[in-house]
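Trainee: Hi! I've just opened this one and would like to get my bearings. Could you walk me through it?
Mentor: Happy to, let's have a look together.

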Amino acid sequence: MNFKIRAARKEDCKDISRMIMELAVYEKMPEQVKISNEDLERDGFSPNPFFECLIAEVSDEYMNKDGKISYWSFMQVVCVAVAKRCVRLQFSVLEWNKPSLDFYFTKGAEDLTAKEGWHFLRFHGQALDQLAREAPNN
């Protein structure tokens with residue numbers, strides 16, 4: 001397979017933004033997307049970035065007819081992550097998304113919610129603002 005993993009560049013933000021929205025639409029939550037192209041550029045490519053992003057560049061021969069990466073290509077990218085000494089792949093899947101859950105379970109994924117009692121929590125909007133107001137002043 002011919003592909004390359006590289007650090008994202010500022011000019012990738014348009015595609016990153018598009019993929020975030022495509023995932024949100026698939027998850028039936030497009031109204032949850034609050035980040036813009038400009039936010040990504042600012043937050044990821046400023047002198048003190050809030051995040052880092054890797055881009056997997058895959059040749060067109062490994063894309064399906066909808067322009068999405070094929071299962072085989074996905075598995076090859078996972079192999080690269082392991083080869084680069086990545087020790088864990090952790091992500092969130094919505095409860096209704098049974099096809100994805102079934103796929104990941106057949107590949108050996110563990111549901112930490114059930115197994116270890118983990119809860120994935122979020123602060124946003126007014127709750128996040130209130131939490132920040134409660135922080136001690138230095």
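Trainee: Let's start with Leu94. Leaving aside its neighbours within four places in sequence, which residues is Leu94 in contact with?
Mentor: Leu94 is in contact with Glu27, Met29 and Leu101 once those neighbours are set aside. Keep in mind that this is a predicted model.

Trainee: How far apart are Leu94 and Glu27, in sequence and in space?
Mentor: In sequence, Leu94 and Glu27 are 67 residues apart. In space, they are 7.3 Å apart, going from C-alpha to C-alpha.

Trainee: And where does Leu94 lie?
Mentor: Leu94 is in the loop between H3 and H4. Helix H3 covers residues 71–83 and helix H4 covers 98–106. Leu94 is partly exposed, because its relative accessible area is 25% and that class begins where buried, under 20%, ends.

Trainee: Switching to rings. How many aromatic pairs does a search of the whole structure find?
Mentor: The search finds two aromatic pairs. One of them is Tyr26 with Trp96, a tilted pair with 5.8 Å centre to centre and 50° between the planes.

Trainee: Why does that pair tie together parts that are apart in sequence?
Mentor: Tyr26 lies in helix H1, residues 13–26, and Trp96 lies in the loop between H3 and H4, so their pairing links parts that are 70 residues apart in sequence. Tyr26 is partly exposed, at 43% relative accessibility. Trp96 is partly exposed too, with a relative accessible area of 37%.

Trainee: OK, and which residues form the edge-to-face pair?
Mentor: That is Phe103 and Tyr104, at 5.3 Å centre to centre with 65° between the planes. Phe103 counts as partly exposed, at 25% relative accessibility. Tyr104 is in that class as well, at 23%.

Trainee: Is Lys28 buried or exposed?
Mentor: Lys28 is exposed, because its relative accessible area is 58% and the cut-off for exposed is over 50%. You'll find Lys28 in the loop between H1 and helix H2, which spans 37–45. Its backbone is worth a look as well: phi of Lys28 is near 60°, a positive value in a residue other than glycine.

Trainee: What does Leu40 touch, not counting residues up to four places away in sequence?
Mentor: Leu40 touches Cys13 and Ile16, along with Ser17, Ile20, Ile35, Phe45 and Phe51.

Trainee: You mentioned a cysteine. How many disulfides does a search of the whole structure find?
Mentor: Zero disulfides turn up. Cys13 is in none, and the nearest cysteine sulfur, that of Cys53, is 8.1 Å away. A disulfide needs the sulfur atoms within 2.5 Å.

Trainee: Is Cys13 buried or exposed?
Mentor: Cys13 is buried, at 1% relative accessibility. Cys53, on the other hand, is partly exposed, with a relative accessible area of 24%.

Trainee: Now Lys10. Where does Lys10 lie?
Mentor: Lys10 lies in the loop between strand E1, residues 3–7, and H1. Lys10 is partly exposed, with a relative accessible area of 44%.

Trainee: What does Lys10 touch, leaving out residues up to four places away in sequence?
Mentor: Lys10 touches Glu41 and Phe45.

Trainee: Last bit, the overall picture. How many helices and strands does the protein chain have?
Mentor: The protein chain has six helices and two strands. From the N terminus on, their order is β-α-α-β-α-α-α-α.

Trainee: What share of the residues is buried?
Mentor: Buried residues make up 14% of the 138 residues in the protein chain. The accessible surface comes to about 11600 Å², and 56% of that belongs to carbon and sulfur atoms.

Definitions and conventions: Residues numbered from 1 in each chain as written. Predicted model: local features only at pLDDT ≥ 70, side-chain atom pairs only at ≥ 80, totals over all residues. Heavy atoms only, no water. Phe/Tyr/Trp six-rings, centres within 6.5 Å; stacked < 30°, edge-to-face > 60°. Helix = DSSP H or I, 4+ residues; strand = E, 2+ residues; numbered from the N terminus. Buried < 20%, exposed > 50% of the residue type's maximum accessible area, 1.4 Å probe, protein only. Areas by Shrake-Rupley, 256 points an atom, 1.4 Å probe, with all protein chains shown as cover. Contact = heavy atoms within 4.5 Å.
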